[in-house]
Amino acid sequence: MKFNIAVIEGDGIGPEVTRAAVAVLERVGERYGHHFEFNYVLAGGRAIDETGVPLPASTLEVCQNSDAVLLGAVGGPKWDQLPGHLRPEKGLLQIRQGLGLFGNIRPAKVFKALKEASPLKPEIMGDSLDIVVIRELTGGLYFGKRGRDEAGAYDTMRYSEAEVRRIARLAFEVAKKRGGHLTNVDKMNVLESSRLWREVVLEVAGEYPEVTLNHQLVDNAAMQLVRDPHQFDTIVTANLFGDILSDEASMLTGSIGMLPSASLGEGRLGLYEPIHGSAPDIAGEHKANPLGTILSTALMLRYSFDLEEEALAVEGAVEKALDDGYRTPDLKGLGRTVTTEEMTDAVLERLV
Ligand code: NAD
């Protein structure tokens, strides 16, 4: 099969980690008989330098006409003093909006070889951990009416049934492909928007009898994530709660360079990127951990291209490289310290 992938290398370590991910996709193409076409486009700091804006119209157009978008990371001190609308991060928000990406998928996975990196006690952590947090991305408190009046300041949290239905369906689809268990997180004992959220989630649950569903209030969920994370498989929640819980879940893994993410909309087109930033402190030093971006390609294969076997092959190759002791400098634990390129080669060699 043939797929068009828009590649935004971005700033800092972005080009180094996207190079690794492209090499992995090319190897997948060779092994499994697919053709991936890569179209390089600008966004973020480099786009500001070369075009004056963080997201040139041509970039959005190429992304809209692609099957998936691969992104390194954007931003850095060079652009920190610019006004808000000209900041590199604005380019990312505009892409997500322009592509109608309403759901953010963030796996928090701890590989067995890296379990010591987790801040959790060994008896809570166990051998490994595998949770996915699905966050609604384009509604709720961050997009509601806000302002100031004589009494103070206010923000509003609003969800339409349609907004909840589409993120709920996305979450059930993901849970179905994973462990078959979905935890809905809301604050329905206090918030009206959460009561609507829960009603709609319950209604959508009727379409997915194969997925078991439970509910937790967000304060309890935040506590349960550190008390007993193994009770979770897939979590779905609103924008604000997801922002916080997905960061909490990722810190359970203890290694920011390892974690991928996907942002999805109605169709198959998605944006895939590591959760880390552009790490300007180590840019160009061959120290960047490429595994978060490489694992983002596994999500791309799974969610945009429906190539589950290929996705598992990439994840398996990463796991084997870790089991065999390859470690970029950010990864603690026993092993051999290697460069970005050596880690990438280790994954490529194990991609069979
Ligand atoms: P960061 O994630 O870039 O770095 C935090 C720390 O983690 C640094 O010490 C860095 O060296 C380390 N780190 C991050 N990724 C790593 C990797 N793959 N391998 C090894 N070490 C890694 O966060 P920050 O320092 O707060 O932000 C730096 C810049 O990135 C800022 O301009 C910020 O706005 C931007 N940013 C971009 C995104 C994005 O593009 N999605 C996300 C977060 C931050």
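Two residues are in contact here when heavy atoms of theirs lie within 4.5 Å. In this predicted model, Phe-305 is in contact with Phe-3, Ile-5, Phe-36, Asp-67, Ala-68 and Met-300, its neighbours within four places in sequence being left aside.

Phe-305 also belongs to the largest nonpolar core, which holds 86 residues. Together with Ile-5, Phe-36, Ile-134, Leu-301 and Leu-322, Phe-305 is among the members that touch the most others in that core. Residues of this core come from both domain 1 (1–100 + 260–352) and domain 2 (119–252), so the core lies between the two domains. Apart from it there is another core, of 16 residues, including Ala-6, Ile-8, Ala-43 and Leu-99. In soluble globular proteins, nonpolar side chains tend to be buried together.

Arg-135 is placed in strand 5, which spans residues 129–136. Arg-135 counts as buried because its relative accessibility is 12%, below the 20% limit for that class. Its side chain makes a polar contact of 2.8 Å with the side chain of Asn-239. Beyond four places in sequence, Arg-135 touches residues that include Phe-102, Tyr-142, Ile-167, Asn-239 and Asp-243.

The ligand is surrounded by 20 residues, of which Glu-89, Gly-277, Ala-279, Asp-281 and Asn-289 are the closest. A polar backbone atom of Asn-289 lies 2.8 Å from a nitrogen atom of the ligand. For His-276, an N or O atom of the side chain is 3.2 Å from a ligand nitrogen atom. An oxygen atom of the ligand is 3.0 Å from a backbone N or O atom of Gly-76. The ligand taken alone exposes 800 Å², and the protein buries 68% of that area.

Terms used:
Residues are numbered from 1 along each chain as its sequence is written. This is a predicted model: local features need pLDDT of at least 70, side-chain atom pairs count only at pLDDT 80 or more; totals for chains, interfaces and linings use all residues. Side-chain values use heavy atoms; hydrogens and water are left out. Helices (H or I, at least four residues) and strands (E, at least two) are DSSP runs, numbered from the N terminus. Buried means under 20% relative accessible area, exposed over 50%, partly exposed in between (1.4 Å probe, protein chains only). A polar contact is a pair of N or O atoms within 3.5 Å; within protein, one must be able to donate a hydrogen and the other to accept it, and residues adjacent in sequence count only if both atoms are side-chain atoms. A nonpolar core is a set of buried Ala, Val, Leu, Ile, Met, Phe, Trp, Tyr and Cys residues joined through side-chain atoms within 4.5 Å. Domain bounds come from an automatic or database domain assignment. A residue is near a molecule or strand if one of its heavy atoms lies within 4 Å of it. Accessible areas come from the Shrake-Rupley method with a 1.4 Å probe; for residues, only the protein chains shown count as cover.
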